[in-house]
Amino acid sequence: MTPTTETAPLCQLDEIPDGHAIEVEAMVAGEPESLLVYRNGDEVSAFLNVCPHAGRRLDYAPGRFLVRNGLIICAAHGATFTAGDGHCQTGPCKGDRLRAVPVAVTHGTVHLT
């Protein structure tokens, strides 16, 4: 997949199942990055797809994330992060947080801000 640029749309809101996350590739600060994009109703949060504990990806398979009851679960070590703000609730990096990437939804399109 070719990364989107900082001005290009990331995805459509309806591509993200409510209460779940998808992966998108995007240019962030001039670097290609894998992003986790989480949807809660009409609200969207995005984070670098990197656990702060050991720098490993959060997905258990490419683009597949464990999300339960508003928590993102790192597949490597089981750390749990609040999906809305990325704050680590439990696990080896408790008190740390995922690196947020600012996004907005405009007319059903999710894009970097």
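This is a predicted model: local features need pLDDT of at least 70, side-chain atom pairs count only at pLDDT 80 or more; totals for chains, interfaces and linings use all residues.
Residues are numbered from 1 along each chain as its sequence is written, and side-chain values use heavy atoms, with hydrogens and water left out.

A quick word on terms before the tour. Strands are DSSP runs (E, at least two residues), numbered from the N terminus. Two strands pair if DSSP finds at least two bridges between them.

**The sheet with β1**

- β1 and β10 belong to an open sheet of 3 strands, in the order β1-β10-β9, with antiparallel pairing.
- β1 (9-12) and β9 (103-106) are the edge strands, each with a single partner strand, so one side of each has no neighbour in the sheet.
- From one strand to the next, the twist averages 25°; axes here are lines fitted to C-alpha atoms, and angles run from 0 to 180 degrees between N-to-C directions.
- For a landmark, look at Gln12, whose bridge partner in β10 is Thr109.

**The sheet from β5 to β8**

- Another open sheet has 4 strands in the order β5-β6-β7-β8, and its pairing is antiparallel.
- β5 and β8 (88-90) sit at the edges with a single partner strand each, so one side of each is left without a neighbour in the sheet.
- On average, neighbouring strands of this sheet are turned by 35° against each other, direction ignored.
- Inside this order, strand β6 (residues 71-73) and strand β7 (residues 80-82) pair in the antiparallel sense over 3 bridges.
- Leu71 has Thr82 in β7 as its bridge partner.

- Strands of a sheet pair through backbone hydrogen bonds, either parallel or antiparallel.
- β2 and strand β3 (residues 31-40) are antiparallel and joined by 8 bridges.
- β2 and β3 form a hairpin with 2 residues between them, and Ala29 in the turn has a positive phi of about 50°.
- β3 also runs antiparallel to β4, with 6 bridges joining them.
- Leu35 stands opposite Leu48 in β4.
- The hairpin of β3 and β4 has 2 residues between the strands, and Gly41 takes a positive phi near 65° there.

- Glu23 lies in strand β2 (residues 21-28).
- With 17% relative accessibility, Glu23 counts as buried (buried is under 20% relative accessible area, exposed is over 50%, and partly exposed is in between, using a 1.4 Å probe and protein chains only).
- Leaving aside neighbours within four places in sequence, Glu23 is in contact (heavy atoms within 4.5 Å) with several residues, including Leu35, Asn49, Pro62 and Phe65.
- The Glu23 side chain makes a polar contact of 2.6 Å with the side chain of Ser34. A polar contact is a pair of N or O atoms within 3.5 Å; within protein, one must be able to donate a hydrogen and the other to accept it, and residues adjacent in sequence count only if both atoms are side-chain atoms.
- The structure holds 2 salt bridges (a side-chain nitrogen of Lys or Arg within 4 Å of a carboxyl oxygen of Asp or Glu).
- One of them joins the side chains of Glu23 and Arg57 at 2.9 Å, N to O. Glu23 is in strand β2 and Arg57 in the loop between β4 (43-48) and β5 (66-68), so this pair ties together parts that are 34 residues apart in sequence.
- Arg57 also meets Asp59 in a side-chain salt bridge of 2.7 Å, N to O.
- Arg57 counts as partly exposed at 38% relative accessibility, while Asp59 is buried with a relative accessible area of 9%. Through shared partners, salt bridges join Glu23, Arg57 and Asp59 into one network.

**The cysteines**

- A disulfide is a covalent bond between the sulfur atoms of two cysteines.
- With a disulfide taken as a pair of cysteine sulfur atoms within 2.5 Å, the count comes to 0. Cys51 is in no disulfide, and the nearest cysteine sulfur, in Cys74, is 3.8 Å away.
- That 3.8 Å between the sulfurs of Cys74 and Cys51 is too far for a bond.
- Cys51 is buried at 2% relative accessibility, and Cys74 is buried with a relative accessible area of 2%.
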